[in-house]
Amino acid sequence: MAQAVKGTRDLFGNEMKWFQKIEDTARRVFASHGYEEIRTPILEELEVFKRSVGESSDIVNKEMYEFVDKGGRHVVMRPENTAGVVRAMIQHKLLINNDPRLLYYIGPMFRYERMQAGRYRQFWQIGAESFGVASPESEAESLMMLFAFLRELGLKHLSLSINSVGTPECRPAFHEAIRAFFQAREAQFCEDCHRRIETNPLRVLDCKVPGCQVALEGHPLITEFLDEASQKHHDRLKALLTALDVPFEENPRLVRGLDYYTRTAFEVLSSDLGAQSALLGGGRYDGLVKHLGGPEVPAFGWAIGLDRLAMLMQQLHGDAPQSAPALLIPLGDAAALKALTLARDWWRMGLTLQLETRGVNLKKALTSANRQGTRFALLLGDGELEKGIVAAKDLQTGTQEEWPLNEVASRLRE
Ligand code: HAM
């Protein structure tokens, strides 16, 4: 029997319902903050990610689904969406007048990673990107929106870690310090780190090999190498978050696995997620638009793992609310026709209910309704037709009432 490809999965039932609830909440909250949706293709040219996420990053080096298509193009199934959004902004000249632009996206990403709970090869992200503003205020605004969204979902036990990774100008001195530190304990580092120290020393800091983590004890911190403007920027953001009652902790070791960050970098962890505790990450990427061939436009954004969010919702709130709380069950031919017209009218009124159209007997219909967790079975037989009512059976309590047809809508809304 054919199976879904390793690392991918089908979404249905409860998980799908949580996905929908999360996506609906995101769209509502983001729209209220002035963000517009953007959808970019899943396939992008290889160069888009090589030049942005970085050739020395694990994502580009080890995890990309890349292939040559039938036309000989070297393409990638996007491992993330920031680079694609920037590519689209440049292609459509959406940034040339220097007005701020606020965008969000929801969609699948692909990384050839080792499978674990909460880590997949096809996973979903919800992301928000803000273009055109370099101020710490724009970061505070974006983070406020993020926390408004997480609050609406009722999430708890979250911690925000922030750091400044400085600008490309303060990196050379830092890289030199890391190299000197590395050389003094070279033998303790893995083969990948030996490559990373040459190509991008920052990447050594987020090596996941336990031995490298031990060897990194006491390594130089990027925060010791910040230029004055970056330091000021960082201090201002911290002051804003404090004034806005957004709790955070400083983590000078936080560097993140993508190369495009400048100044602010952050992550939100959830203690309820186990080993894969990173729920989301993001930061400032002031150089990326220019680097990919666009104008000089500062930017800031983040992306949250939808799979992990849905997992948390399930842990925290249990099963997602039933989508259809009622099932209309006609008994007999006359009732079957009447049920179709009644259901049509109720749907037009915006009610949520399902219709039994199999023509099965009452016992069978009730058994299915119970299995699906339906709350009310609305029975419509010849007797009910004559009286202009439905017999409403509450499947939770087992009680039954007569509801006049013109009261069904208001009763279900209750
Ligand atoms: P990222 O940290 O690579 O950042 O991914 C963001 C989130 O996506 C992670 O915190 C995690 O929840 C989720 N995620 C990543 N990989 C997987 C996986 N294999 N399975 C399940 N969930 C996963 C970015 O992608 C940046 N583009 C974020 C950003 C936007 N920075 C600026 N703007």
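Leaving aside neighbours within four places in sequence, with which residues is R9 in contact? In this predicted model, R9 is in contact with E15, F19, Y120, Q122 and D307, contact being defined as heavy atoms within 4.5 Å. R9 is found in the segment before helix α1 (13-32); helices are DSSP runs of H or I with at least four residues, numbered from the N terminus. Two polar contacts of the R9 side chain were computed, a polar contact being a pair of N or O atoms within 3.5 Å; within protein, one atom must be able to donate a hydrogen and the other to accept it, and residues adjacent in sequence count only if both atoms are side-chain atoms. The side chain of R9 is joined to that of E15 at 2.6 Å, and to that of D307 at 2.9 Å.

The model is predicted, with local features requiring pLDDT of at least 70 and side-chain atom pairs pLDDT 80 or more, whereas totals for chains, interfaces and linings use all residues. Residues are numbered from 1 along each chain as its sequence is written, and side-chain values use heavy atoms, without hydrogens and water.

The ligand has 26 residues around it, of which E80, E113, Y120, E129 and Y261 come nearest; a residue is counted if one of its heavy atoms lies within 4 Å of the molecule. An N or O atom in the side chain of E80 is 2.6 Å from a nitrogen atom of the ligand. Backbone atoms also take part: an N or O atom of the L280 backbone lies 3.3 Å from a ligand oxygen atom, and a polar backbone atom of G305 is 3.3 Å from an oxygen atom of the ligand.

Two helix pairs were examined. The axes of α6 (residues 171-184) and α7 (residues 191-199) come within 10 Å and cross at roughly 150°, which makes α6 roughly antiparallel to α7 (angles over 145 degrees). In this contact, I178, R179 and F182 of α6 meet C193, H194, I197 and E198 of α7. These residues divide into four nonpolar, one polar and two charged.

Helices α5 (residues 136-152) and α9 (residues 228-243) pack at an angle of about 40°, with their axes 9 Å apart. The arrangement of α5 to α9 is therefore oblique. From α5, P136, E137, E139, A140 and L143 make the contact, and from α9, H233, R236, L237, L240 and L241. The residues of this contact comprise six nonpolar, one polar and three charged.

Note on methods: Axes fitted to C-alpha atoms, helices over the stretch in contact; angles between N-to-C directions. Parallel < 35°, antiparallel > 145°, perpendicular 65-115°, else oblique. Nonpolar A, V, L, I, M, F, W, Y, C, P; charged D, E, K, R; others polar.
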